[in-house]
Structures are given as structure tokens and as C-alpha cells.
Amino acid sequence: MTNFDKNSFFKKLTFLGYIIFVLLLIYVSFKIAVFLSPFVLAILFSIIVTRISKFLQSKFKINKKVSIGISLFILFTLLFGLIGFVITKLILEIYSLSINISSYSQEIRLWINSILDFMNRGTIILDKIPEQILAQLKNSSTQFVSMGTAKISILLNNILYFITSLPNVIIFLFVTVIATIFMSMDKQNIIIFVEKQLPPSWLKKIYTLKNDLLSVVGGYLKAQATLIFICFCELLIGLNLFHFIGLNVQYPLTFAVIICFIDALPILGAGAFMIPWIIITLISKDFHLVIALLILYVIITAVRQLLEPKLYSKNI
């Protein structure tokens, strides 16, 4: 084997080793994410607390410990109040949806059967569908709807179980609060201690990597989080308004959360949920809700198209 072949072989082997290392790192990260998530949240909360504390110190001339205590109280009061309201609302809506899911599946079956019967009556374009094919289509649609209903029901029950698993939630919140308090009080001391354990060359590389990650990944996540939050507010206000004026929107918070989750996924957007919802509503002849959902979808899309380039250019 020549030197060129050896170098090429070692380069390929090194590249393969990097790929395996990255895949292992991703796998391990997902495995330990549950245990590290309270500390990751604590770091984020400590950053917020530090900023509030600095503002209080500069405006009201109070010492650091008092300002941190006030900042922690303000942050966790607002946070727990919001979490309590959202969880209570979600539990009520998901429980109601899980009870009524069978009736909704029955309505979907009736819609599909009515469409097939309409097609069977024949039009200028379509000839009459044979009875065997029509029966097969009805059976397939019934099986598909039943399977989908069962999967959705299981998913809703699992979500409800997760939300109502109070011991785990209490432990998670307790660890997050304690970690936030310690990180907020001794943040500078922790940083100095870690810096003393590492050589200067490592520190330089770490800070360079941190700045690059914050400017690129952090900027992207900040822009994406802003867009999702704006979308969530638009959906929550719009769907609650529709519910208030008497339109058939029974689970505004649950639908807002689901649509925002889909909107955050790559390629997919709010339209992946809202367009089928509009079509189903149109089939059921609820034209007032169709118009309302179309207006809301246009507003969400227009706001996103307007803000997306500005936010990404500003933060990245």
C-alpha cells in the first residue's frame, strides 16, 4: 500500500470515527436529557434572574442578595402561575376531548360515507361506482378512522397521564428551583472555579466556541422561539374569540399547542393542521367557522412571512 493510499485510508477512517462519535453523543444526549433538563432550565432561569437583579440594583440601589431574592420571587410567581393555569386548562380540554373522541370519529365516518354516496349517485364526469368497490371503500375508511381514533385516544390518555403525574412534576420543579437559586447566588464563583480547573488554551477555545454557538444556534433558536410564541398568541386569542362568539371551537388551548408544535417542525407549518381542519369544517357546512379559520390562517401566515426574515437577519 502506497503512502497516498495509507493517507486516504486514515482520512476515511478518521471521518468515520467522527461520524460514530457524533451519533453516540446524540444518542447519549437524548438518554440523559431527562436528567439534565432541570439544570439546563436552571441555567436559563439564572440568566433571566441575573438581568432582573441588575436592573433592580441599578434602579433601586439595593444589594445583590436582596435583588436576587426579589428576582427569584417575581420569576417563579409568574412562571408557576402561568404553568398552573395552562396545565389546568389542558387537563380539562384533553379529558373532554378523550371522552368525545368516539363521537367525533362517528361524525367523520358519516362524512366519508356521505361523500361516497354522493359519488355513487353519479355525475356528468363520474359513472356509477360498483357496489363491491363502494362497500370496500366504506370498510377501508371505517377501519382507517377506527385505527386513527384508537391511536389518538391512546396519545391523549398518555399526555393526560404525563401531565397529571404530580410526584415527578414536583421533583422536577423542586430540582429546577434549587438549582436556579444556587446558580443565581453563586454564578460568578462557579464560573471562576471552573476556569481555574482548565488550562488557558482550553478556555480560549471554549469561549470562542460559546460565542460562535450563541451567535448562530442561539440566534436561530431565539428567532424560532419568538415566531412560535407569536403564533401561539395569535392562535390562543383567535380560537378563544371564536369559542366566545359561539363558533364550534371547543378546545382552543389544546389546538393552539398542537398547531404550534406542528409549526415548529421542519417543512411542516400551521397549515398542516389548519388546512385539513378548514376542509373538514367545509364538508360539515359550518361556513361561519370556515371563514373565521381562513382569516386566522391568513393572519398567521402573513405575520410569519413578514417577521421571519427580519428576526433571522437580526439574530443570526
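These are my notebook entries on a predicted model of a protein chain.

**Entry 1: the overall build**

I started with the secondary structure. I found nine helices and zero strands in the protein chain. Read from the N terminus on, the elements go α-α-α-α-α-α-α-α-α. I then looked up burial, and 25% of the 316 residues in the chain are buried. The accessible surface of the chain comes to about 22,300 Å². Carbon and sulfur atoms account for 75% of that surface. I also checked contacts between residues at least 6 apart in sequence, and 66% of them join residues at least 24 apart.

**Entry 2: a nonpolar patch on the surface**

Which residues form a nonpolar patch on the surface? I wrote down Y27, V28, I32, F35, L36, F39, V40, I43, L44 and I47. Together they have about 920 Å² of accessible area. Is L36 buried or partly exposed? L36 has 42% relative accessibility, so I noted it as partly exposed. In soluble globular proteins, nonpolar side chains tend to be buried together. That made the patch worth a note.

Next I looked at K61. Its phi is positive, about 55 degrees, although K61 is not a glycine. Most residues other than glycine have a negative phi. Where is K61 found? I traced K61 to the loop between α1 and α2 (64-120). K61 counts as exposed because its relative accessibility is 68%, and the cut-off for exposed is over 50%.

**Entry 3: the cores**

I went inside next. The largest nonpolar core has 21 residues, and L235, L239, F242 and L293 have the most contacts inside it. Which helices each supply at least two residues of this core? I listed α6 (200-244), α7 (252-264), α8 (271-283) and α9 (287-315). Helix α9 gives the most to this core, with six residues. Leaving out residues up to four places away in sequence, L293 touches L239, F242, M274, W277, I278 and T281. Apart from this core lies another one of seven residues, including L72, L75, F76 and V177.

**Entry 4: aromatic pairs**

How many aromatic pairs does the structure hold? I got six. A pair of aromatic rings is described by the distance of the centres and the angle of the planes, so I noted both for two pairs.

The rings of F76 and F80 have centres 5.6 Å apart and planes at 25 degrees, so this pair is stacked. The stacked label needs planes under 30 degrees apart. F76 and F80 are four residues apart in helix α2, which means about one helical turn separates them. I compared their burial too: F76 counts as buried at 9% relative accessibility, whereas F80 is partly exposed at 35%.

The other pair is F273 and W277. Their ring centres are 5.9 Å apart and their planes are at 75 degrees, so I wrote it down as edge-to-face. Edge-to-face needs planes over 60 degrees apart. Both residues lie in helix α8, four residues apart, about one turn of the helix. W277 counts as buried because its relative accessibility is 13%. I also saw that ring pairs link Y251, F255, F273 and W277 into a cluster.

Key. Residues are numbered from 1 along each chain as its sequence is written. This is a predicted model: local features need pLDDT of at least 70, side-chain atom pairs count only at pLDDT 80 or more; totals for chains, interfaces and linings use all residues. Side-chain values use heavy atoms; hydrogens and water are left out. Patches are made of residues with over 30% relative accessible area and no salt bridge: like charges are joined within 9 Å, nonpolar side chains (Val, Leu, Ile, Met, Phe, Trp, Tyr) within 5 Å. Accessible areas come from the Shrake-Rupley method with a 1.4 Å probe; for residues, only the protein chains shown count as cover. A salt bridge is a side-chain nitrogen of Lys or Arg within 4 Å of a carboxyl oxygen of Asp or Glu. Buried means under 20% relative accessible area, exposed over 50%, partly exposed in between (1.4 Å probe, protein chains only). A nonpolar core is a set of buried Ala, Val, Leu, Ile, Met, Phe, Trp, Tyr and Cys residues joined through side-chain atoms within 4.5 Å. Contact means heavy atoms within 4.5 Å. Rings of Phe, Tyr and Trp (its six-membered ring) pair if their centres lie within 6.5 Å; planes under 30 degrees apart count as stacked, over 60 as edge-to-face and the rest as tilted.
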